[in-house]
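Subject: Structure handover

Hi,

Here is the structure I promised to pass on. My notes on it follow below, so please read them with the model open.

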Amino acid sequence: MTNKLQFAIVGCGRIAQRHAEHIHNVGNLVAVCDIVPEKAADIAGKYKASFYNNIDELLKQEKKVDVISVCTPNGLHAEHSIKALQAGFHVLCEKPMALTTQDCSAMIHAAERSNKRLFIVKQNRFNPPVAAVKNLIDEGRLGKIFSVQLNCFWNRNPAYYKNSWKGTKALDGGTLFTQFSHFIDLLYWMIGDVDRVQAFTGNFDHQGIIEFEDTGAVTLKFYNGSIGTINYTVNAHSKNMEGSLTIFAEKGTVKIGGQYLNELEYQDIENYKIENLPKGNPPNQYGQYQGSMSNHDKVYENLVEVLNGNGIIATNGLEGLKTVEIIEKIYKAALSH
(Lines give C-alpha, C1' and ligand atoms only; values in the text may rest on other atoms or scores of the structure.)
Protein backbone atom coordinates (compact mmCIF):
# COMPACT_ATOMS: atom_id res chain seq x y z
CA MET A 1 0.00 0.00 0.00
CA THR A 2 1.45 3.32 -1.04
CA ASN A 3 1.49 6.25 1.35
CA LYS A 4 -1.29 8.76 0.80
CA LEU A 5 -0.25 11.80 -1.21
CA GLN A 6 -0.17 15.20 0.51
CA PHE A 7 -1.94 18.06 -1.31
CA ALA A 8 -2.23 21.84 -1.11
CA ILE A 9 -4.78 24.02 -2.94
CA VAL A 10 -3.97 27.50 -4.22
CA GLY A 11 -7.14 29.53 -4.85
CA CYS A 12 -10.18 28.78 -2.67
CA GLY A 13 -13.10 29.77 -4.91
CA ARG A 14 -16.02 27.58 -6.01
CA ILE A 15 -14.08 24.89 -7.85
CA ALA A 16 -11.64 24.49 -4.92
CA GLN A 17 -14.46 23.02 -2.82
CA ARG A 18 -14.79 20.25 -5.39
CA HIS A 19 -11.03 19.65 -5.39
CA ALA A 20 -10.90 19.52 -1.59
CA GLU A 21 -13.63 16.87 -1.56
CA HIS A 22 -11.81 14.60 -4.00
CA ILE A 23 -8.40 15.17 -2.43
CA HIS A 24 -9.93 14.02 0.86
CA ASN A 25 -10.95 10.74 -0.83
CA VAL A 26 -7.52 9.91 -2.29
CA GLY A 27 -5.01 11.70 -0.07
CA ASN A 28 -4.59 14.41 2.57
CA LEU A 29 -5.29 18.10 2.13
CA VAL A 30 -2.66 19.71 4.33
CA ALA A 31 -2.64 23.36 3.23
CA VAL A 32 -4.71 25.93 1.33
CA CYS A 33 -4.07 29.46 0.14
CA ASP A 34 -6.20 32.41 -0.97
CA ILE A 35 -5.71 36.17 -0.94
CA VAL A 36 -9.14 36.40 0.72
CA PRO A 37 -8.40 35.08 4.25
CA GLU A 38 -12.01 33.98 4.93
CA LYS A 39 -12.06 31.70 1.86
CA ALA A 40 -8.81 29.99 2.85
CA ALA A 41 -9.91 29.66 6.48
CA ASP A 42 -13.25 28.14 5.44
CA ILE A 43 -11.74 25.21 3.50
CA ALA A 44 -8.87 24.83 5.98
CA GLY A 45 -11.37 24.49 8.83
CA LYS A 46 -13.34 21.75 7.06
CA TYR A 47 -10.26 19.62 6.38
CA LYS A 48 -8.04 20.57 9.34
CA ALA A 49 -5.48 22.09 6.97
CA SER A 50 -3.08 25.02 7.41
CA PHE A 51 -4.03 28.18 5.57
CA TYR A 52 -2.04 30.97 3.93
CA ASN A 53 -2.80 34.23 2.15
CA ASN A 54 0.34 34.16 0.06
CA ILE A 55 1.47 31.41 -2.32
CA ASP A 56 5.19 32.11 -1.70
CA GLU A 57 4.69 31.56 2.01
CA LEU A 58 2.86 28.26 1.43
CA LEU A 59 5.57 26.98 -0.94
CA LYS A 60 8.28 27.92 1.57
CA GLN A 61 6.60 26.35 4.62
CA GLU A 62 4.87 23.21 3.31
CA LYS A 63 7.80 21.08 2.20
CA LYS A 64 5.99 17.78 2.82
CA VAL A 65 3.34 18.51 0.19
CA ASP A 66 3.51 16.35 -2.97
CA VAL A 67 1.01 18.10 -5.24
CA ILE A 68 -0.23 21.68 -5.55
CA SER A 69 -3.70 22.01 -7.08
CA VAL A 70 -3.94 25.37 -8.83
CA CYS A 71 -7.53 26.68 -8.70
CA THR A 72 -6.89 30.41 -9.10
CA PRO A 73 -8.40 32.57 -11.91
CA ASN A 74 -7.38 31.57 -15.45
CA GLY A 75 -4.95 34.47 -15.89
CA LEU A 76 -2.94 33.37 -12.84
CA HIS A 77 -2.62 29.66 -13.69
CA ALA A 78 0.77 30.02 -15.37
CA GLU A 79 2.36 32.17 -12.66
CA HIS A 80 1.15 29.95 -9.82
CA SER A 81 1.93 26.65 -11.57
CA ILE A 82 5.44 27.76 -12.50
CA LYS A 83 6.16 28.93 -8.93
CA ALA A 84 4.97 25.58 -7.55
CA LEU A 85 6.95 23.53 -10.09
CA GLN A 86 10.12 25.57 -9.49
CA ALA A 87 9.70 25.03 -5.76
CA GLY A 88 9.76 21.26 -6.39
CA PHE A 89 6.10 20.24 -6.33
CA HIS A 90 3.95 18.33 -8.82
CA VAL A 91 1.08 20.48 -10.13
CA LEU A 92 -2.53 19.83 -11.08
CA CYS A 93 -3.80 22.92 -12.92
CA GLU A 94 -7.48 23.68 -13.51
CA LYS A 95 -8.65 24.42 -17.03
CA PRO A 96 -7.81 26.37 -19.09
CA MET A 97 -4.11 25.64 -18.67
CA ALA A 98 -3.32 29.35 -19.27
CA LEU A 99 -4.45 32.20 -21.54
CA THR A 100 -1.56 32.11 -24.05
CA THR A 101 0.50 29.38 -25.70
CA GLN A 102 3.65 31.16 -24.49
CA ASP A 103 2.52 30.75 -20.89
CA CYS A 104 1.64 27.09 -21.52
CA SER A 105 5.12 26.51 -22.97
CA ALA A 106 6.72 28.16 -19.94
CA MET A 107 4.71 25.83 -17.66
CA ILE A 108 5.83 22.75 -19.62
CA HIS A 109 9.48 23.88 -19.48
CA ALA A 110 9.23 24.53 -15.74
CA ALA A 111 7.89 20.98 -15.23
CA GLU A 112 10.70 19.48 -17.31
CA ARG A 113 13.42 21.51 -15.63
CA SER A 114 12.23 20.58 -12.14
CA ASN A 115 11.52 16.96 -13.19
CA LYS A 116 7.97 17.24 -11.84
CA ARG A 117 4.60 16.25 -13.31
CA LEU A 118 2.17 18.80 -14.70
CA PHE A 119 -1.45 17.59 -14.88
CA ILE A 120 -4.25 19.58 -16.54
CA VAL A 121 -7.92 19.16 -15.54
CA LYS A 122 -9.98 18.02 -18.56
CA GLN A 123 -12.71 16.11 -16.81
CA ASN A 124 -15.12 15.82 -19.77
CA ARG A 125 -12.83 13.19 -21.32
CA PHE A 126 -14.17 10.83 -18.66
CA ASN A 127 -17.87 11.28 -19.57
CA PRO A 128 -19.06 7.73 -20.47
CA PRO A 129 -20.36 8.59 -23.99
CA VAL A 130 -17.25 10.67 -24.75
CA ALA A 131 -14.93 7.83 -23.68
CA ALA A 132 -16.97 5.31 -25.72
CA VAL A 133 -16.85 7.41 -28.92
CA LYS A 134 -13.11 8.08 -28.46
CA ASN A 135 -12.59 4.27 -28.29
CA LEU A 136 -14.60 3.85 -31.52
CA ILE A 137 -12.38 6.39 -33.27
CA ASP A 138 -9.16 4.83 -31.91
CA GLU A 139 -10.30 1.35 -33.01
CA GLY A 140 -11.07 2.67 -36.50
CA ARG A 141 -14.75 1.66 -36.30
CA LEU A 142 -15.90 5.00 -37.72
CA GLY A 143 -13.34 5.00 -40.52
CA LYS A 144 -12.37 8.39 -41.93
CA ILE A 145 -13.97 11.33 -40.14
CA PHE A 146 -15.53 13.73 -42.63
CA SER A 147 -16.92 16.50 -40.45
CA VAL A 148 -17.81 17.45 -36.90
CA GLN A 149 -20.30 19.88 -35.39
CA LEU A 150 -19.89 21.28 -31.88
CA ASN A 151 -22.76 23.18 -30.23
CA CYS A 152 -22.37 24.91 -26.86
CA PHE A 153 -25.57 26.70 -25.86
CA TRP A 154 -25.38 27.77 -22.22
CA ASN A 155 -26.75 30.51 -19.99
CA ARG A 156 -24.59 32.84 -17.95
CA ASN A 157 -26.58 35.66 -16.39
CA PRO A 158 -25.26 38.97 -14.99
CA ALA A 159 -25.24 37.54 -11.43
CA TYR A 160 -22.63 34.97 -12.55
CA TYR A 161 -20.16 37.74 -13.42
CA LYS A 162 -20.98 40.13 -10.56
CA ASN A 163 -18.11 41.03 -8.20
CA SER A 164 -15.92 38.43 -9.87
CA TRP A 165 -12.78 38.06 -11.97
CA LYS A 166 -15.01 36.31 -14.50
CA GLY A 167 -15.80 38.49 -17.48
CA THR A 168 -12.44 40.31 -17.38
CA LYS A 169 -9.98 40.01 -20.25
CA ALA A 170 -6.97 39.73 -17.95
CA LEU A 171 -8.16 36.98 -15.59
CA ASP A 172 -10.96 35.23 -17.49
CA GLY A 173 -9.73 35.59 -21.08
CA GLY A 174 -12.95 34.89 -22.97
CA THR A 175 -16.02 32.67 -23.17
CA LEU A 176 -14.06 29.91 -24.94
CA PHE A 177 -11.53 29.82 -22.11
CA THR A 178 -13.86 29.70 -19.12
CA GLN A 179 -17.03 28.07 -20.41
CA PHE A 180 -16.01 25.94 -23.37
CA SER A 181 -12.32 25.02 -23.24
CA HIS A 182 -13.38 21.45 -22.32
CA PHE A 183 -15.29 21.20 -25.57
CA ILE A 184 -12.36 22.53 -27.62
CA ASP A 185 -10.13 19.97 -25.87
CA LEU A 186 -12.47 17.17 -27.00
CA LEU A 187 -12.27 18.35 -30.61
CA TYR A 188 -8.48 18.16 -30.43
CA TRP A 189 -8.51 14.82 -28.56
CA MET A 190 -11.04 13.10 -30.82
CA ILE A 191 -10.65 14.71 -34.25
CA GLY A 192 -7.11 16.12 -34.27
CA ASP A 193 -5.14 19.35 -34.51
CA VAL A 194 -6.62 22.40 -36.22
CA ASP A 195 -4.94 23.91 -39.27
CA ARG A 196 -7.14 26.87 -40.25
CA VAL A 197 -9.99 28.82 -38.71
CA GLN A 198 -12.61 31.38 -39.71
CA ALA A 199 -14.70 33.00 -37.00
CA PHE A 200 -17.23 35.68 -36.14
CA THR A 201 -17.93 36.70 -32.53
CA GLY A 202 -20.12 39.29 -30.84
CA ASN A 203 -21.27 40.54 -27.46
CA PHE A 204 -25.05 40.73 -27.80
CA ASP A 205 -26.47 40.51 -24.29
CA HIS A 206 -23.57 41.20 -21.91
CA GLN A 207 -22.60 44.77 -22.82
CA GLY A 208 -21.00 46.46 -19.82
CA ILE A 209 -20.91 43.10 -18.01
CA ILE A 210 -18.06 41.26 -19.77
CA GLU A 211 -15.04 42.52 -21.71
CA PHE A 212 -15.32 40.00 -24.57
CA GLU A 213 -17.77 37.98 -26.68
CA ASP A 214 -20.84 36.10 -25.49
CA THR A 215 -21.41 34.35 -28.84
CA GLY A 216 -19.35 32.88 -31.67
CA ALA A 217 -19.69 31.05 -34.99
CA VAL A 218 -16.56 29.21 -36.11
CA THR A 219 -15.48 27.01 -39.03
CA LEU A 220 -12.42 24.76 -38.74
CA LYS A 221 -10.17 22.85 -41.13
CA PHE A 222 -8.23 20.08 -39.38
CA TYR A 223 -4.78 18.92 -40.50
CA ASN A 224 -6.24 15.49 -41.32
CA GLY A 225 -8.65 17.05 -43.82
CA SER A 226 -11.82 16.94 -41.69
CA ILE A 227 -13.86 20.11 -41.42
CA GLY A 228 -15.91 21.33 -38.48
CA THR A 229 -18.11 24.03 -37.01
CA ILE A 230 -18.45 25.44 -33.52
CA ASN A 231 -21.53 27.43 -32.55
CA TYR A 232 -21.41 28.76 -29.02
CA THR A 233 -23.24 31.23 -26.82
CA VAL A 234 -23.97 32.01 -23.18
CA ASN A 235 -27.28 33.60 -24.22
CA ALA A 236 -29.51 30.53 -23.97
CA HIS A 237 -32.61 31.92 -22.26
CA SER A 238 -32.71 31.39 -18.46
CA LYS A 239 -30.83 28.05 -18.36
CA ASN A 240 -28.23 25.87 -20.09
CA MET A 241 -29.66 24.21 -23.19
CA GLU A 242 -27.12 21.99 -24.94
CA GLY A 243 -23.54 20.86 -25.19
CA SER A 244 -23.29 18.51 -28.16
CA LEU A 245 -20.76 16.98 -30.52
CA THR A 246 -21.88 15.31 -33.76
CA ILE A 247 -19.44 13.30 -35.87
CA PHE A 248 -20.10 12.36 -39.51
CA ALA A 249 -17.74 9.61 -40.66
CA GLU A 250 -17.25 6.98 -43.33
CA LYS A 251 -18.77 4.16 -41.26
CA GLY A 252 -21.16 5.96 -38.98
CA THR A 253 -22.77 9.02 -37.46
CA VAL A 254 -22.70 9.68 -33.73
CA LYS A 255 -24.08 12.49 -31.59
CA ILE A 256 -23.08 13.05 -27.97
CA GLY A 257 -25.52 15.52 -26.42
CA GLY A 258 -27.38 16.53 -23.31
CA GLN A 259 -26.39 19.79 -21.67
CA TYR A 260 -22.84 18.64 -20.92
CA LEU A 261 -21.91 15.95 -23.47
CA ASN A 262 -23.38 13.48 -20.99
CA GLU A 263 -25.83 11.55 -23.21
CA LEU A 264 -25.41 9.43 -26.32
CA GLU A 265 -28.24 10.99 -28.35
CA TYR A 266 -27.79 9.31 -31.71
CA GLN A 267 -25.80 6.47 -33.20
CA ASP A 268 -25.87 4.77 -36.57
CA ILE A 269 -22.66 2.78 -36.90
CA GLU A 270 -21.83 0.08 -39.45
CA ASN A 271 -22.09 -3.37 -37.74
CA TYR A 272 -21.76 -1.89 -34.27
CA LYS A 273 -23.76 -0.46 -31.40
CA ILE A 274 -22.60 1.29 -28.24
CA GLU A 275 -24.50 -0.32 -25.38
CA ASN A 276 -24.67 -0.41 -21.56
CA LEU A 277 -23.00 2.93 -20.97
CA PRO A 278 -22.50 3.61 -17.27
CA LYS A 279 -24.37 6.59 -15.87
CA GLY A 280 -22.07 9.57 -15.65
CA ASN A 281 -21.51 11.95 -12.75
CA PRO A 282 -23.97 14.86 -12.40
CA PRO A 283 -22.99 18.39 -13.52
CA ASN A 284 -21.36 20.78 -11.06
CA GLN A 285 -24.05 22.81 -9.27
CA TYR A 286 -23.24 26.46 -8.56
CA GLY A 287 -26.46 27.91 -7.19
CA GLN A 288 -27.95 29.87 -10.09
CA TYR A 289 -26.19 27.94 -12.83
CA GLN A 290 -24.65 24.58 -13.65
CA GLY A 291 -21.12 23.89 -14.83
CA SER A 292 -19.56 20.98 -16.69
CA MET A 293 -19.74 17.33 -15.73
CA SER A 294 -18.15 16.69 -12.38
CA ASN A 295 -15.50 14.06 -13.09
CA HIS A 296 -12.80 15.46 -10.83
CA ASP A 297 -12.81 12.12 -8.99
CA LYS A 298 -11.44 10.49 -12.18
CA VAL A 299 -8.87 13.27 -12.57
CA TYR A 300 -7.54 12.64 -9.07
CA GLU A 301 -7.61 8.84 -9.46
CA ASN A 302 -5.48 9.23 -12.59
CA LEU A 303 -3.05 11.58 -10.82
CA VAL A 304 -2.59 9.12 -7.94
CA GLU A 305 -2.02 6.22 -10.36
CA VAL A 306 0.56 8.20 -12.33
CA LEU A 307 2.48 9.39 -9.27
CA ASN A 308 2.46 5.87 -7.82
CA GLY A 309 4.02 4.62 -11.05
CA ASN A 310 1.15 2.57 -12.50
CA GLY A 311 -0.73 5.00 -14.71
CA ILE A 312 -0.53 7.00 -17.93
CA ILE A 313 -1.26 10.71 -17.56
CA ALA A 314 -4.80 11.45 -18.82
CA THR A 315 -4.09 15.04 -19.93
CA ASN A 316 -0.54 16.29 -20.24
CA GLY A 317 0.84 19.79 -20.70
CA LEU A 318 1.09 19.53 -24.48
CA GLU A 319 -2.62 18.70 -24.76
CA GLY A 320 -3.46 21.61 -22.47
CA LEU A 321 -1.33 23.88 -24.68
CA LYS A 322 -3.06 22.64 -27.86
CA THR A 323 -6.49 23.63 -26.50
CA VAL A 324 -5.20 27.14 -25.77
CA GLU A 325 -3.56 27.33 -29.21
CA ILE A 326 -6.85 26.47 -30.96
CA ILE A 327 -8.74 29.07 -28.89
CA GLU A 328 -6.07 31.65 -29.78
CA LYS A 329 -6.52 30.81 -33.48
CA ILE A 330 -10.28 31.30 -33.17
CA TYR A 331 -9.96 34.69 -31.44
CA LYS A 332 -7.31 35.84 -33.90
CA ALA A 333 -9.57 34.86 -36.84
CA ALA A 334 -12.51 36.71 -35.26
CA LEU A 335 -10.43 39.88 -34.97
CA SER A 336 -9.70 39.85 -38.69
CA HIS A 337 -13.38 40.45 -39.57
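One definition before the findings: a residue is called buried under 20% relative accessible area, exposed over 50% and partly exposed in between, using a 1.4 Å probe and protein chains only. Please keep in mind that this is a predicted model, in which local features need pLDDT of at least 70 and side-chain atom pairs count only at pLDDT 80 or more, while totals for chains, interfaces and linings use all residues. Residues are numbered from 1 along each chain as its sequence is written, and side-chain values use heavy atoms, with hydrogens and water left out.

**Cysteines**

With a disulfide taken as a pair of cysteine sulfur atoms within 2.5 Å, a search of the whole structure finds 0. Cysteine 104 is buried, with a relative accessible area of 0%, and its sulfur lies 8.5 Å from the closest cysteine sulfur, in cysteine 93, which is too far for a bond. Cysteine 12 is buried too, at 3%; the closest cysteine sulfur to its own is in cysteine 33, 7.0 Å away, again too far for a bond.

Helices (H or I, at least four residues) and strands (E, at least two) are DSSP runs, numbered from the N terminus. Two strands pair if DSSP finds at least two bridges between them. On that basis, 6 strands make an open, parallel sheet in the order β3-β2-β1-β4-β5-β6. Its edges are β3 (50-52) and β6 (118-120), each of which pairs on one side only. Inside the sheet, β4 (residues 67-70) and β5 (residues 90-93) run parallel and are joined by 4 bridges; isoleucine 68 has valine 91 in β5 as its bridge partner.

Helix α4 (residues 77-86) packs on this sheet, touching β1 (5-10), β4, β5 and β6, and its direction makes about 165° with that of β5. Contact here means heavy atoms within 4.5 Å, and the angle, on a scale from 0 to 180 degrees, is taken between N-to-C directions of axes fitted to C-alpha atoms, for helices over the stretch in contact. How much of α4 is covered? Most of the helix is, with 7 of its 10 residues buried, among them His77, Ile82 and Leu85. The cover over these buried residues includes α3 (55-61) and α5 (101-114). After α4 comes glycine 88, whose phi is positive, near 100°.

**Aromatic rings**

Rings of Phe, Tyr and Trp (its six-membered ring) pair if their centres lie within 6.5 Å; planes under 30 degrees apart count as stacked, over 60 as edge-to-face and the rest as tilted. The whole structure holds 8 aromatic pairs. In one of them, tryptophan 154 and phenylalanine 180 have ring centres 5.2 Å apart and planes at 65°, so this pair is edge-to-face. These two residues are 26 residues apart in the chain, and both are buried. In another, phenylalanine 177 and tyrosine 331 have centres 6.0 Å apart and planes at 55°, so the pair is tilted. It links helix α8 to helix α11 (residues 317-335), across 154 residues. Ring pairs also link Trp154, Phe180, Phe183, Tyr232 and Tyr260 into a cluster.

Best wishes
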